[in-house]
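Open your viewer, load the model and keep the selection panel handy. We will walk through a few stops together, one selection at a time.

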Amino acid sequence: MLHRLKAASGLRLASFQTMHIFGWDIGGAHLKVARLDASGMVDRVHQLACPLWRGVGELARAVRLIEQDLAVADAVHAVTMTGELCDVFTSRTDGVRQILGALGQLLGDGARVRVFGGYAGWLSPVEAIAGGADDVASANWLALAAYVAELVGDGVLVDVGSTTTDIIPFRAGEVCALGRDDASRLAHGELVYTGVVRTPVASLCRQVPFRGRWQPLAAEYFANAADVHRLCNTLADGLDLMETADGAGKDRVASARRLARMVGCDLDHGVAIEEVTALAHYLARCQRESVADALALVTSSAPQTLGNVPVVSAGAGDFLVGAVAASIGRPLRTFASLVHAEPEVAAAATVAAPAVAAARLAWMTR
C-alpha cells in the first residue's frame with residue numbers, strides 16, 4: 001500500500017502564534033532540539049547523549065544541559081520521537097506515555113506541546129498517550145520527509161543517523177512511502193539498521209580481506225561503526241557521543257585497537273595500524289553498498305518517476321550519502337542547503353534534521 005502525506009495540506013494542525021518554536025526529536029540514544037527565532041530561522045541546534053535504555057531519567061539529565069536555551073516565554077514545542085522503542089519500556093505505548101509524561105514535567109504544566117502523529121496530524125500529549133501511540137511511535141522519519149518534500153518536490157531522502165538509515169521517496173511535494181510503521185518499512189527497505197556511530201562492526205559484513213585470505217569477523221561487540229569512520233577520517237569530531245565498546249578513548253589508535261579484535265588480533269602485536277585502516281576502508285565500503293542497495297530497492301518501486309530524481313542527504317552520515325549518490329550518478333542536495341539558518345547552524349541542523357523539520361512544519365502551518 002502506498003502511503004502519501006503532504007506537509008502543508010495533509011496534516012491536521014493546531015492553530016497557534018508564538019515567538020519561538022522548539023523542535024524535539026527524542027531518540028533512544030540522542031536528544032536533538034532545534035529552536036526557531038521569531039522570523040522562523042533556526043538559531044539553536046543541540047544533539048545530546050540521551051541513552052534512554054537506561055531509563056527515562058536520562059531525558060531529564062539531557063534537558064538540564066540546555067535549560068538556558070529553553071527559557072523562552074510563549075514558546076511551542078513540536079515533538080517527534082523514536083525512543084519509545086527502547087527495551088526499558090514494556091511496549092511502544094508505554095514508551096510514548098513515559099517519554100511524554102517526563103517531558104511534560106520538565107517543560108511545566110503550562111507548556112504548549114504538540115506531538116507529531118504523522119498521518120493523524122498534530123496531537124496533544126493527552127491524545128498521543130490516550131490513543132495515538134501507534135501514530136506517534138517512530139514518526140520522526142515522516143516529519144523530516146514531509147518537510148523535505150515540501151521544499152524539494154521530487155526526490156529521495158536518505159537520512160543516515162548513528163543507528164539507522166531512512167530512505168523515503170517523495171513526488172510532487174508528497175511523501176510516497178510504501179511502509180508506514182517500523183515492520184513494514186524494514187520489509188520495503190525504507191528503514192535499514194545501519195548507522196555511522198552505534199552499529200556493531202559484525203553487522204556490516206561476515207568476512208574481510210586480511211593478509212591474503214578471507215578472515216571471518218568475530219560475532220562480538222568489540223568495535224562499532226564510529227571506529228570504522230574515525231579510521232577513514234570521515235566522522236567529524238563531536239558526532240560520536242556514545243561510550244566506546246571497551247570504554248576506552250576515541251582517538252585513531254584506540255579505534256584501531258578495537259577493530260583489530262574483530263579479526264582476532266591485537267594492535268602492535270604483529271598487526272600494524274595501516275592493516276587495520278585498510279580493514280576500516282573495506283568495512284565502510286560494505287556499509288555504503290548496503291545503503292546503495294536499499295536505495296536501489298526503494299527507487300525500483302517507481303522507476304519512471306524516481307529514476308533520476310535527486311538524493312537529499314541528512315544525518316550524521318551525510319558524508320556516506322554523498323558517496324553513494326556520486327557512485328550511482330545521482331544529483332545530490334544536502335539538508336544543510338535547505339535550512340534557513342547561518343552556515344554553522346545549518347551544518348549542525350543536518351545531524352538534528354528531524355528536530356528541525358518538526359519545528360519548521362509547525363512554523364509553516366502555524
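**Stop one: helix H13**

Select residues 343-351, which form helix H13; here Val345, Ala346, Ala349, Thr350 and Val351 are buried. Buried means under 20% relative accessible area, exposed over 50% and partly exposed in between, with a 1.4 Å probe and protein chains only. Helices (H or I, at least four residues) and strands (E, at least two) are DSSP runs, numbered from the N terminus.

This is a predicted model: local features need pLDDT of at least 70, side-chain atom pairs count only at pLDDT 80 or more, and totals for chains, interfaces and linings use all residues. Residues are numbered from 1 along each chain as its sequence is written, and side-chain values use heavy atoms, leaving out hydrogens and water.

The buried residues of H13 pack against strands E3 (30-36), E4 (42-49) and E14 (311-314), and against helices H12 (318-328) and H14 (353-364).

**Stop two: H12 and its partner H10**

Keep H12 on screen and select helix H10, residues 273-299. The two axes come within 10 Å and cross at roughly 65 degrees; axes are lines fitted to C-alpha atoms, for helices over the stretch in contact, and angles run from 0 to 180 degrees between N-to-C directions. Which residues meet here? From H10 come Gln287, Arg288, Val291, Ala292 and Leu295, and from H12 come Leu320, Ala323, Val324 and Ile328. By class, this contact of H10 with H12 has seven nonpolar, one polar and one charged residues. Ala, Val, Leu, Ile, Met, Phe, Trp, Tyr, Cys and Pro count as nonpolar, Asp, Glu, Lys and Arg as charged, and the others, Gly among them, as polar.

**Stop three: H1 on H3**

Next, select helix H1 (residues 57-64) together with H3; they pack at an angle of about 35 degrees, with their axes 9 Å apart. Leu59, Ala60 and Val63 in H1 meet Ile99, Ala102, Leu103 and Leu106 in H3. By class, the contact of H1 with H3 has seven nonpolar, no polar and no charged residues.

E5 (residues 75-81) and E6 (residues 112-116) pair in the parallel sense over four bridges; strands pair if DSSP finds at least two bridges between them. Look for Val79, opposite Val115 in E6.

Then extend to E7 (residues 122-123), which two bridges join to E6 in an antiparallel run. Phe116 stands opposite Trp122. Five residues separate E6 and E7 in this hairpin, and Gly118 in the turn has a positive phi of about 60 degrees.

E12 pairs with E13 (residues 213-216) in the antiparallel sense over four bridges, and Trp214 is the bridge partner of Pro209. This hairpin has two residues between the strands, and Arg211 takes a positive phi near 55 degrees.

Finish at Pro200, in the loop between E11 (191-192) and E12 (207-210). Leaving aside neighbours within four places in sequence, Pro200 is in contact (heavy atoms within 4.5 Å) with Tyr221, Ala223 and Asn224.
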